[in-house]
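Subject: Structure for you to look at

Hello,

Please find the structure below. My notes on it follow.

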Amino acid sequence: NVRYVFQEARHFLRLTDDKYDIISMEPSYPTDITTASLLSRECFISLKDHLNAGGIVSVYAPGHLLRERYTDGVLKTLAGVFPYIHVWNAGAGDVIFICALEPIRATPADIQRRVAEGAEGEVLRDAIRFAARNRMIETIRDSDDIPVYTDDRVTLETAATREFLRN
């Protein structure tokens, strides 16, 4: 039984007590405080609170716009909420974070094989790659130089706007 909800995740979850097996969030460019707050610790805690046991959260970050420092900030913020994370590169520097409260059973090889077998396999097989950043999650989690994004300290909107205008 699949139920798709196409709404801003944080607002929608505030209005329900339901729990889900998969929550996938693909926020627009975080160039304003509302969109940037979708990549904050408080938002990620709300996602966690709405997961069923064994569930996963998928969060997209526009790495081509945020650059590595800010993408690492999103990773550090997620790592403070979710103990298990896979980082996937998608396209031109963009990142997909797969997060869970329990160990992720599917290995990167399993996931890549399933993607390749799908209808869009030829296109997607080379488009997503298990990121080298996976080896650095603990270093990023423990770094004092990488920010944690919170509702009262969301600096993504200024960084994203600056990069958007620069490009």
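The largest nonpolar core has 32 residues, and F44, L47, L78, F82, I85 and F97 are those with the most contacts inside it. A nonpolar core here is a set of buried Ala, Val, Leu, Ile, Met, Phe, Trp, Tyr and Cys residues joined through side-chain atoms within 4.5 Å. Buried means under 20% relative accessible area, exposed over 50%, and partly exposed in between (1.4 Å probe, protein chains only). Two or more residues come from each of α1 (9-14), β1 (20-25), α3 (41-49), β2 (51-61), α4 (63-79), β3 (84-90), β4 (94-100) and α7 (137-142). Of these, α4 gives the most, with six residues. Helices (H or I, at least four residues) and strands (E, at least two) are DSSP runs, numbered from the N terminus. In soluble globular proteins, nonpolar side chains tend to be buried together.

Before going further, note that this is a predicted model, in which local features need pLDDT of at least 70 and side-chain atom pairs count only at pLDDT 80 or more, while totals for chains, interfaces and linings use all residues. Residues are numbered from 1 along each chain as its sequence is written, and side-chain values use heavy atoms, with hydrogens and water left out.

The chain as a whole

The chain contains eight helices and five strands, in the order α-β-α-α-β-α-β-β-α-α-β-α-α from the N terminus. Of its 167 residues, 44% are buried. A contact means heavy atoms within 4.5 Å. Among contacts with a separation of 6 or more, 67% are between residues 24 or more positions apart.

Some residues in detail

What does L78 touch, apart from residues up to four places away in sequence? The list is F44, V59, I85, F97 and C99. C99 is buried, at 0% relative accessibility, and C43 is also at 0% and buried. The count of disulfides (pairs of cysteine sulfur atoms within 2.5 Å) is zero.

T71 lies in helix α4 and counts as buried because its relative accessibility is 7%. Leaving aside neighbours within four places in sequence, T71 is in contact with G63, L66, V95 and F97.

G54 is in strand β2 and is partly exposed, at 47% relative accessible area. The C-alpha atoms of G54 and E102 are separated by 6.2 Å, although the two residues are 48 apart along the chain.

Salt bridges

How many salt bridges does a search of the whole structure find? It finds three. A salt bridge is a side-chain nitrogen of Lys or Arg within 4 Å of a carboxyl oxygen of Asp or Glu. Side chains of opposite charge can pair when their charged atoms come close.

- D151 and R10 meet at 2.4 Å, N to O. The pair links distant parts of the chain, 141 residues apart: D151 is in the loop between α7 and α8 (156-166), and R10 is in helix α1. R10 is buried at 13% relative accessibility, whereas D151 is partly exposed at 33%.
- D18 and R3 have their closest N and O atoms 3.6 Å apart. D18 is in the loop between α1 and β1, and R3 is in the segment before α1. D18 is partly exposed at 38%, and R3 is exposed at 53%.
- R141 and E138 have their closest N and O atoms 3.0 Å apart. Both lie in helix α7, three residues apart, about one turn of the helix.

Regards
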